[in-house]
Amino acid sequence: MTKTRMGAILLLIAGAFLGYGIYASSNVPSSYFSKFPFQLGLDLNGGTHLTYKADVSKIAGGDVNSAMQSLRDVIERRVNLFGVTEPTVQVETGGALGSEGADYRLAVELPGVTDVKQAVELIGKTPSLEFRIATEAYKNATSTENMKLEDAFASTGLDGKYLQKAVVELDPTTRQPTVGITFNTEGKALFAKITKENIGQVLAIFLDGQPITTPVIRSEITDGKAQISGNFDTKSAQQLVRDLNYGALPVPIELLSTQSVGPTLGAKVLKAGIFSGMIAFIVIATFLIIWYRLPGVVAVVALALYTILNLVIFKLLHVTLTAAGIAAFILSIGMAVDANILIFERTKEELKRGKNLDSAIREGFHRAWTSIRDSNSSSIITALVLYYFASSSVVKGFALIFGIGVLTSMFTAITATRTLLLALNMKDGKISRFLFSSGILK
Amino acid sequence: MHIVKYRKIFYIISAILMVGSIGAITFWGLNPGIDFKGGAALEIEYTKNIPTQDVVQASLTPLNFDASVRPIGNNGYLIKTKSITDSERQAMEDVLSKEDGFSVKQFSSIGPILGAEAMRKSLVSIFIVLICIVLFITFAFRHVSEPVASWKYGLITVFALSHDVLVPAGVFAFLGHFQGVEIDTLFVTALLVVLGFSVHDTIVVFDRVRENLRISKDERDKKDFEQIVGESINQTFVRSINTSLTTLLALVVLFIFGGEATRMFSLALLIGITVGTYSSVFLGSPLLVTVQKYQDRKSK
């Protein structure tokens, strides 16, 4: 008996601690818990979501993944120029039932960005690969911080469209990875001219307006080949090769869908969601206590622990909350009660069969378990199918929160409700039987 | 016992509901939103001089976007158009922002590819969930082959489930025709949740039937199947109602307080779960008895 009592007390303390943690993480900025904020989706926070289709038709099968990675990196670089907090750029495959075989997509999420036009322009821009020569002004400047690009580095006219190929090579003397590039015929001629005229100068290679390497020209290069050596490790060399090979945007992209939510609407939706969550909890708790009396109180405590456990999981797993996700959570609260009700009804039956309180409770749990397991399994099947076939992140978020809800509800019913009920350790008698039976008129 | 005895009445009620829903869907059709059709939706708000709906509509006509304007709230409009590019959207906003206090609350544009794909995925997921559930029930009840084979439990469940999916769809066809309510991916999500949830109820009753069958065999009390099913329903009745009740309470709260984005979603769930509970208690289990009696008649 003492074991279950201690277990119950531990459970309540842990619950209270975590509950405070959740409250503190949003409302007490100085507390340790604010390190774990909730991840709010676009429809709660405001922001823009863009989906692009990547045209991989011209890329050889084996290179597609690497091309998509390259595309992702390029887009992310551009998005970062926006100064957006926590943008997300992700490659998505159409997966099962995508249109016309494997369809590769890019999903870009920009929280807090509401100027869709600007976002789309910046991302869709044709990027540039340029070779420039450092000017006298640049060499003589004491501080290059405020220098404009054109003043520091003069354009040579040699850019990405002249590039034929780039490969990773090992420098024979230093055994360091380097990047070898090959120009096409016109590029070869242009490159020869540039290198002849600028021996000893810095030739800067710019990608999307950012310098990626600034080697010094040592001699005229007529074979259209160049070796870029710098402090490359294998990985950065490979990355540069990838970027160079695919020019700037490695894959042509097409905007498939846009979604943007203004911040005021987002805040409104969030408030409505939180409010309905609280009301739902209160309504359900009232019903439970009125109908099931003492076990009802236990169920409400278990439900509170369930809610707290879910919220903690959301924080730890960085689950993104959306309006649909909040709906899923509220729904799962209503459904979490199910397992408890199954157990109570069983316990009542066992009491009717003449068992004493303690064995009635244990038998109630034992018998109810097969029901709980099987009926929750069907909800888990639904959640899995929803998650896998989700056509939008809204549905995916819903499925995730729904699935987590079902799993934790099974867990709390088996552990929390059981521990709490047993810990009550009521003596068998008229009062306790009344408290354990249910209904309005009994 | 009474439920099983009067099962013919419940079959008739269900038949009326199903026929009504199928009729509604065939005559009025479901109203697909931009999630499925593709297109753009722009939600705007004016805080100063609110132009009338006609003015807004008139200003959009020259752009040729097939725009439809609907008022939302007190000072906003929801504008739906065919799928547009971003520069076209900018043109639309330029036209609209001539009045003061203009702000964009929400904008969505879905290309036709994504739309058709969403439709395909939705239908397939409903189909797959139905199949998985049949398999699951057949597996879970594999030791119960007398007097009704376990796969028939699965089949009956699916029949009850299709009923649960058709009725909300029928209601939304009705609402779609008369109120312009649209079907979106959240609606499909609601249907899938209803499927998963309705099976809960059905499983609880079937589980009780399974247990009572075992007890009856052990105690050799020669109860006939109809009696066992009737008792199982009675024993689980309170629990079924209570569970659905708590979920419905949560959904009613969500419907009232939850905000526009999830309102139709909670409505679909409300209808679906109510119908689902009804079908589990009043349809699924009595069907077991009907199947068993049919089997008996065939083998005589």
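This is a predicted model: local features need pLDDT of at least 70, side-chain atom pairs count only at pLDDT 80 or more; totals for chains, interfaces and linings use all residues.
Reader: Why is His318(A) called exposed?

Author: His318(A) has 10 other C-beta atoms within 10 Å. The cut-off for exposed is 12 or fewer, so His318(A) is exposed. His318(A) is found in the loop between H9 and strand E13 (320–321) of chain A.

Reader: What makes the phi of His318(A) worth a remark?

Author: Phi of His318(A) is near 50°, a positive value in a residue other than glycine. Most residues other than glycine have a negative phi. In chain B, Arg220(B), which follows H8(B), also has a positive phi, near 50°.

Reader: Why is Ile313(A) called partly exposed?

Author: Around Ile313(A) there are 15 other C-beta atoms within 10 Å. Buried needs 20 or more and exposed needs 12 or fewer, so a count of 15 puts Ile313(A) in between, as partly exposed. Ile313(A) is found in helix H9 of chain A.

Reader: How do you know what Ile313(A) touches beyond its neighbours in sequence?

Author: Contact is judged on C-beta atoms, which must lie within 7 Å. Leaving out residues up to four places away in sequence, Ile313(A) touches Ile404(A) and Thr408(A). Ile313(A) and Ile404(A) are 91 residues apart along the chain, and their C-alpha atoms are separated by 8.4 Å.

Reader: What makes H8(B) a mostly covered helix?

Author: Of the 35 residues of H8(B), 27 are buried. Each of these has 20 or more other C-beta atoms within 10 Å of its own, so H8(B) is described as mostly covered.

Reader: How do you know how the reach of helix H8 (residues 185–219) of chain B compares with the expected span?

Author: The expected span is 1.5 Å times one less than the number of residues. For the 35 residues of H8(B) that gives 51 Å, and H8(B) reaches 51 Å from its first C-alpha to its last. The reach is therefore close to the expected value.

Reader: Why are E1(B) and E4(B) said to pair?

Author: Pairing needs at least two bridges. Eight bridges join E1(B) to E4(B), so these strands pair, and they run antiparallel. One of the bridges links Gly39(B) to its partner Ile110(B) in E4(B).

Reader: What makes E3 of chain B a partner of E1(B) too?

Author: Six bridges join E1(B) to strand E3 (residues 76–81) of chain B, again antiparallel. With at least two required, E1(B) and E3(B) therefore pair. In E3(B), Lys80(B) is the bridge partner of Ala41(B). Strand E1 (residues 39–46) of chain B is mostly covered, with six of its eight residues buried.

Reader: How do you know that a strand of chain A pairs with a strand of chain B?

Author: The same test applies. E12(A) is joined to strand E4 (residues 102–110) of chain B by five bridges, so these antiparallel strands pair across the two chains. Gln259(A) has Ser108(B) as its bridge partner in E4(B).

Reader: Which residues make up the rest of the contact?

Author: In total, 58 residues from chain A and 56 residues from chain B take part. H10(A) gives the largest share of the chain A side, 13 residues. By class, that side has 32 nonpolar, 20 polar and six charged residues.

Conventions: Residues are numbered from 1 along each chain as its sequence is written. Chains are lettered from A and ligands numbered from 1 in the order in which they are written. Two residues are in contact if their C-beta atoms, placed from the backbone, lie within 7 Å. Helices (H or I, at least four residues) and strands (E, at least two) are DSSP runs, numbered from the N terminus. Ala, Val, Leu, Ile, Met, Phe, Trp, Tyr, Cys and Pro count as nonpolar, Asp, Glu, Lys and Arg as charged, and the others, Gly among them, as polar.
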